[in-house]
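Please take the headings one by one and find each part as you go.

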Amino acid sequence: MDDQDRKKVILTLRWTAIIVTSYLILFGRGRVTDLHLSHILIAVYILSNILLTFLPKTLFSNLKFFYPLVLFDTGIVSFGMHLSEKMTTDFYLVFFLIIIFASVSRNFKLLMVIGGITALLYGFLLYSWGLLSIEQGSSYILRIPFIFIMTAFYGYIVQTLTKEKRQELTLSEGKYRGLFENANDGIILLRDSPLQIADVNREVEKATGYAKKELFRKEIFDLFEPGESEKVRNYFKEVIEKGEGRADCLSLMRKDGSSLEVDLSTKRIDLGDESFYQMIFRDLTEQRKLEKRIRESKRNLEAIFDGIRDQLSIQAPDYQILRVNRAVVENYKSSFRELIGRKCYEVYFQRPLPCEKCPVSVTIETKQPATSIIKIPEGTTTLQIFSYPILDEKGDLASVIEYIKDITEEQRLQEQLIQSEKLAGIGILTSGVTHEINNPLSGIIGMAEIALEEDDLSKNKDYLKDILNCAQRITEIVKGLKSYSRAAKKEDQCPLDLNEVVEESLKMVRLAIKPPSVEVIKKFQTLGKIQANMGEIQQVFTNLITNAFQAMDGNGGKLILSTRSFKDLVEVKVIDHGMGIPPKYLSQIFDPFFTTKKLGEGTGLGLNIVYRIVTKYEGTIDVESKEQVGTTFTIKFPIRRVEA
Amino acid sequence: MSKKVLVVDDEEVIRKFLRIHLAKLGYGVTEAADGEQAIEQLGKDDFDLIICDIMMPKKSGWEVIKEVKLNPKTKSIPLIVLTAKIEDSDMFKGYDLGVNYYMTKPFTKAQLLYGLRLMFDEVPEEVRV
């Protein structure tokens with residue numbers, strides 16, 4: 001019933017009550033004590049109802065207004081009955097009886113029936129007493145509808161109120177039922193002693209596999225795994241003593257016998273003189289599985305982290321060490337505790353500030369991976385440091401992984417490799433030189449023997465000329481060898497003119513292998529000098545020129561050696577018109593041990609060494625090749641400005 | 001009739017002193033400066049001995065030897081190799097191909113005479129050193 005209807009009904013009922021009461025006072029009176037007061041009362045009653053019509057309808061739902069109104073009406077009606085003087089004690093009794101009926105009544109229709117019966121009963125009593133037929137009989141007759149209307153008035157009021165209360169209750173019951181049923185945790189309501197299940201929510205049914213009906217009146221202990229019964233009994237003992245309690249990792253037993261690990265929280269609720277226990281549990285099975293998986297993967301990651309024999313550490317963007325692996329701890333003969341929280345440059349390099357070439361600084365600035373090679377000044381250790389960013393969800397730098405690799409040994413091996421390839425080169429050279437020298441040497445020996453047997457001086461002169469000729473050829477070869485050994489011996493770097501180096505290399509190759517009939521074209525420009533080790537650069541060009549000659553073996557062609565200088569670079573091209581490199585091999589030619597030569601004829605290291613040496617001096621090497629047309633190697637080195 | 005020797009070497013001075021030596025010993029000498037010339041000469045004349053270098057332009061000594069051994073007309077001519085290739089592997093390769101005597105440079109007259117003696121079963125007195 002909405003507020004509008006409610007207001008209307010109340011006003012109507014009051015009008016009726018006013019009319020009946022006024023009637024009772026004005027017409028029923030025999031000996032009115034105070035006529036004046038009677039009129040005032042009726043006027044007040046009417047006025048109150050007129051005033052009420054102007055009041056906002058919402059006010060009628062307000063109990064703070066409604067109860068006083070009812071009290072006011074009861075007072076007025078009672079006072080009116082008193083003023084009419086005809087009212088005897090029995091009528092008062094009937095009036096209060098109606099109020100009592102109305103108060104206890106839950107059913108409006110039943111109340112009206114009771115009101116009707118009361119009115120009839122009272123009418124019958126009046127009649128049997130003969131009061132209806134006397135002179136003032138009308139005032140008695142009026143009492144009958146009065147009873148009825150008053151019943152309706154109070155009945156309606158009480159009815160409305162109780163109905164609302166009930167609605168509110170139902171509403172709030174529904175609300176809490178919803179909360180109860182839809183909770184993500186299992187909730188069990190237990191009766192006290194014995195601890196029997198009174199109610200469960202849907203989550204309990206879902207988690208245990210039991211239906212609600214099956215659980216009713218079941219003792220709570222039966223719901224747990226038998227193995228845990230002592231633990232469970234102790235827990236509930238504590239709950240009963242303290243009124244509440246928590247427990248972790250208890251196992252419930254599902255209907256199918258499987259176990260369900262839960263965290264429990266129980267609290268006593270007192271409802272009137274009965275107390276209940278509300279037990280809330282959370283299913284931990286999934287959570288535990290997840291936790292286990294997380295722990296496992298964490299352990300794995302830690303094992304991998306620690307198992308890596310290179311040094312790994314994670315640093316905050318302020319270089320503070322957050323984590324290190326075992327290799328770091330072992331390397332610095334320290335402990336995890338001592339390292340964590342300190343700055344990496346303090347610990348690793350004993351510096352007050354970050355290192356100059358530190359890749360971590362680069363990563364902190366750019367959020368990009370970085371790497372650099374750092375030579376530890378005192379000592380011979382060379383470290384290659386890699387750094388990788390760890391970004392947070394927003395893409396900001398959370399921390400940096402620093403990966404320190406000791407490449408001292410690797411570098412030493414690389415040097416050794418270059419050295420051994422150099423030795424192999426010397427081997428080839430030696431056999432080439434042997435041939436070159438053996439021919440004139442044979443000439444010298446042969447001619448000398450002939451000269452010894454010959455007495456003719458003019459003939460001998462001719463022979464001696466041949467001998468001298470051969471000896472001079474040997475001298476030339478030895479000269480060439482000297483420059484090669486000089487270059488090979490020199491360890492340090494010095495300014496080099498690549499034109500000279502290329503020239504020397506060509507000479508060497510001509511000595512080492514018998515060059516095919518190839519035309520060599522030199523296109524040299526004046527060049528800036530590069531800073532490098534002579535032997536190594538010569539190794540680059542002897543390897544390339546040797547390859548070029550071998551590529552043109554037997555087919556003639558041209559070998560073009562061109563050099564030029566531009567910007568801060570010098571460029572050397574070695575161009576041959578040989579067989580070319582098949583495209584499928586182009587990506588592999590710089591790989592170590594890659595060779596297309598027969599076993600024993602080539603090591604597969606030549607071009608790899610070339611590549612290593614070129615990159616060592618921050619140079620670049622490119623190759624272009626077309627099968628049956630030829631190959632061009634282009635090498636570029638940066639020019640080193642040498643201070644005068 | 002004097003025996004005919006084909007001397008193949010790209011080194012002129014070596015051909016020269018071989019020619020002088022062999023002429024003194026009474027052999028007829030024909031020279032070739034490379035492998036192709038050698039094959040050409042072999043086609044023109046019959047020889048009793050071939051003295052051949054290995055590392056030569058155009059056609060190497062190995063190829064010359066193979067051709068000689070494949071040709072029924074020439075395959076029985078004794079072969080002396082005269083080379084700067086001093087590795088054992090080269091020597092074995094030579095003997096496998098049918099070379100009769102493998103001589104490495106530098107060499108002396110005594111070695112040459114020893115080789116000739118092996119080929120012709122002639123034992124010149126002065127060689128017995």
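B:V5 stands opposite B:L49 in β3(B). This is a predicted model, in which local features need pLDDT of at least 70 and side-chain atom pairs count only at pLDDT 80 or more, while totals for chains, interfaces and linings use all residues. Residues are numbered from 1 along each chain as its sequence is written, and chains are lettered from A and ligands numbered from 1 in the order in which they are written.

β1(B) and strand β3 (residues 49–52) of chain B pair in the parallel sense over four bridges; pairing takes at least two bridges found by DSSP. Helices (H or I, at least four residues) and strands (E, at least two) are DSSP runs, numbered from the N terminus. β1(B) also pairs with strand β2 (residues 28–32) of chain B, again in the parallel sense, over five bridges. Here B:K4 has B:G28 as its bridge partner in β2(B).

Why is strand β1 of chain B largely enclosed by the rest of the structure? Four of the five residues of β1 (residues 4–8) of chain B are buried, so the strand is largely enclosed. Buried means that 20 or more other C-beta atoms, placed from the backbone, lie within 10 Å of the residue's own.

## An open sheet in chain A

Chain A holds an open sheet of five strands in the order β7-β6-β10-β9-β8, with antiparallel pairing. Its edge strands, β7 (321–324) and β8 (370–375) of chain A, each pair on one side only.

Within this sheet, five bridges join β6 (residues 311–315) to β10 (residues 397–406) of chain A, which run antiparallel. A:Q315 has A:V400 as its bridge partner in β10(A).

## Where the chains meet

How many residues of chain A are in contact with chain B? There are 16 residues of chain A in contact with 16 residues of chain B, contact being C-beta atoms, placed from the backbone, within 7 Å. The largest share of chain A's side, 12 residues, comes from α15(A).

## Nonpolar cores

A nonpolar core is a set of buried Ala, Val, Leu, Ile, Met, Phe, Trp, Tyr and Cys residues joined through C-beta atoms within 7 Å. Of the 40 residues in the largest one, A:L498, A:V540, A:L544 and A:A548 touch the most other members. α18(A) gives the most to this core, with nine residues.

A second, separate core of 33 residues includes A:C470, B:V64, B:L79 and B:I80.

Definitions and conventions
Two residues are in contact if their C-beta atoms, placed from the backbone, lie within 7 Å. A residue is buried if 20 or more other C-beta atoms lie within 10 Å of its own, exposed if 12 or fewer, and partly exposed in between; C-beta atoms are placed from the backbone.
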